[in-house]
Amino acid sequence: MLGILDKGQTRPASLGSYTMLAPRGLSRRSVVILALFASFIVGLFFASSRLGALCEDGSYCDISSFRQHLSLGGSGKSASPGVGSTVDPGECDHFPDTSNVLLVMKTGASESYGKLPNQVMTNLQCVSDYLFFGDMAQEVAGHIVHDSLDTVIPDVKKKNKDFSLYHRQQQCPTDLDSCNKNHNIGQEAWSLDKYKNIHMAEKAYAMRPNHDWYLFVDADTYVVWPTMMEWLSKLSPKEPYYLGSVAYYSNFPFGHGGSGYLVSQAAMHKLFHDKNGVANRWDERATHECCGDYMFSLALHTETGVSVQNAWPTINGEKPHTLPYADNEWCQPIVTMHHASAQDVSDIYAFEKGRNFSYPLRIKDLYHEFVENQLVVSRKDWNNLSDDVFYLNRSASAYSDWELGKAKKVGLTALEADAHRSFEDCRKACDGASDCLQYRFWNGICSFGKTIKHGNPTKLESESWWRFQSGWNIKKIKEWVATHDTCGPVSYPIRS
């Protein structure tokens, strides 16, 4: 930096040629002007470390991030959250550079206020660029939510009841909770959701056409960015990739939307570049189909020939307490988790931060952090999701086709034959089976689990027969973990 010499002060040799700007005999007015200029420069550099107020995602930003913001032409998010931000300047010190990825997060107006703020306060603090899309234009916690459905063909909006929620929300003169209170919001939101995916992809590409990758997730999906970015470094966005956790509808594969799916620049370019009304070509078809993630896959394949590639379990539809920990979900890296509550998002983010955002995050790391210390011998009013093998009393009760399909029917041991009688009989049968790690009893059904799952609490029933009870064979589980806990080099599901 330029230093201004006071009158009579000896010039340091270290200033070298810079002292040419303050020659001997400089006028008082010139000295004042140069002093003001120097103060401006010093102030500018100081302010560059405090440009969080100019960053639209509410996160701490340095001057390079600000330059990136200018080059993008703004993110479509409100600048207001950065004003008075309480984000620790070191919050994102070890967070990876995500500037080549656009996160596209889908929500609904009826849930956006409950899900988006926590994402913004945790994981999204350090993400370079993201867009929110829903079924109504909103501003949530100072961030813009774009209406993904405003460009749906008018006739499609008018002629079917799928848009009942959409129209009611547009006309609501008070808070949405009040307007939706006496309606079946879950079903209405599901019916409306299937129109969003293609439209929000088309809008996102129009707004941000130059990203290498486009990651589409739901508002209750947690993204493990350090592991994600390491994986993407091994893939070329010039290849037409569409990666997800594959599900099927009418035997047609698609990337499950809740788990999230990744689309490369090449695939998005093929689908949307120099084209108009791509999404509108599928509006009418959507009225007859089930789901928006399926519709996106169908449109992408039909328009470009690009099909989904399976990236499970790295792209995952479960979260720590519902993951089935087993051989095929243990050492593998994980980059997305679905059905994450606000507390889940906060807890996983705190865990990542405590690891200094190191990578890879393996599935087994989630087990050790969130599940291992929660496993007990037994727990009442709890469903530990054991569903690999069922033991039924077929002479006394009627069962669903799904339950009958899971039932072991022949070659039962004496313990297995009695397993349906009680929770204790179920426990004895599991202890006697070498591959049973946990078990569950409910309504005369004993079920074994060959993987480790924690599960969820259930409603307290007045009759003990209808109460869920779950148990874990802690000794077997510890032995299984001990023999599987050493992992080799990380292996990602797909590479260029």
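Cys 426 is buried, with a relative accessible area of 0%; buried means under 20% relative accessible area, exposed over 50%, and partly exposed in between (1.4 Å probe, protein chains only). Before going on, note that this is a predicted model, in which local features need pLDDT of at least 70 and side-chain atom pairs count only at pLDDT 80 or more, while totals for chains, interfaces and linings use all residues. Residues are numbered from 1 along each chain as its sequence is written, and side-chain values use heavy atoms, with hydrogens and water left out.

**Exercise 1**

Find the disulfide partner of Cys 426, and work out where the two cysteines lie.

Solution. 
- Step 1: apply the cut-off, a pair of cysteine sulfur atoms within 2.5 Å. Cys 446 is the partner, with the two sulfur atoms 2.1 Å apart.
- Step 2: place the residues, taking helices (H or I, at least four residues) and strands (E, at least two) as DSSP runs numbered from the N terminus. Cys 426 sits in helix α17 (residues 423-431) and Cys 446 in strand β17 (residues 445-449), so the link spans distant parts of the chain, 20 residues apart.
- Step 3: check the burial of the partner. Cys 446 is buried too, at 0% relative accessibility.
- Step 4: read the handedness. The angle about the S-S bond is 75 degrees, and the link is right-handed.

**Exercise 2**

How many disulfides does a search of the whole structure find, and what is the handedness of the link between Cys 92 and Cys 126?

Solution. 
- Step 1: the search gives six disulfides.
- Step 2: Cys 92 and Cys 126 are joined with an S to S distance of 2.1 Å. At -80 degrees about the S-S bond, their link is left-handed.
- Step 3: Cys 92 is buried at 19% relative accessible area, and Cys 126 is buried at 10%.
- Step 4: for practice, take Cys 430 and Cys 436, joined at 2.0 Å. Their torsion about the S-S bond is about -100 degrees, so this disulfide is left-handed.

**Exercise 3**

Which side chain makes a polar contact with Ser 259, and is Ser 259 buried or exposed?

Solution. 
- Step 1: locate Ser 259 in the loop between β9 (252-255) and β10 (261-264).
- Step 2: Ser 259 counts as buried, at 1% relative accessibility.
- Step 3: the side chain of His 256 makes a polar contact of 2.6 Å with that of Ser 259. The term covers N or O atoms within 3.5 Å; within protein, one must be able to donate a hydrogen and the other to accept it, and residues adjacent in sequence count only if both atoms are side-chain atoms.

**Exercise 4**

Solution. 
- Step 1: look for a side-chain nitrogen of Lys or Arg within 4 Å of a carboxyl oxygen of Asp or Glu.
- Step 2: Asp 193 is in helix α7 (residues 185-193) and Lys 106 in strand β1, so the bridge ties together parts 87 residues apart in sequence.
- Step 3: Asp 193 is buried at 17% relative accessible area, and Lys 106 at 7%.
- Step 4: salt bridges link Lys 106, Asp 135, Asp 193, Lys 196 and Asp 218 in a network.
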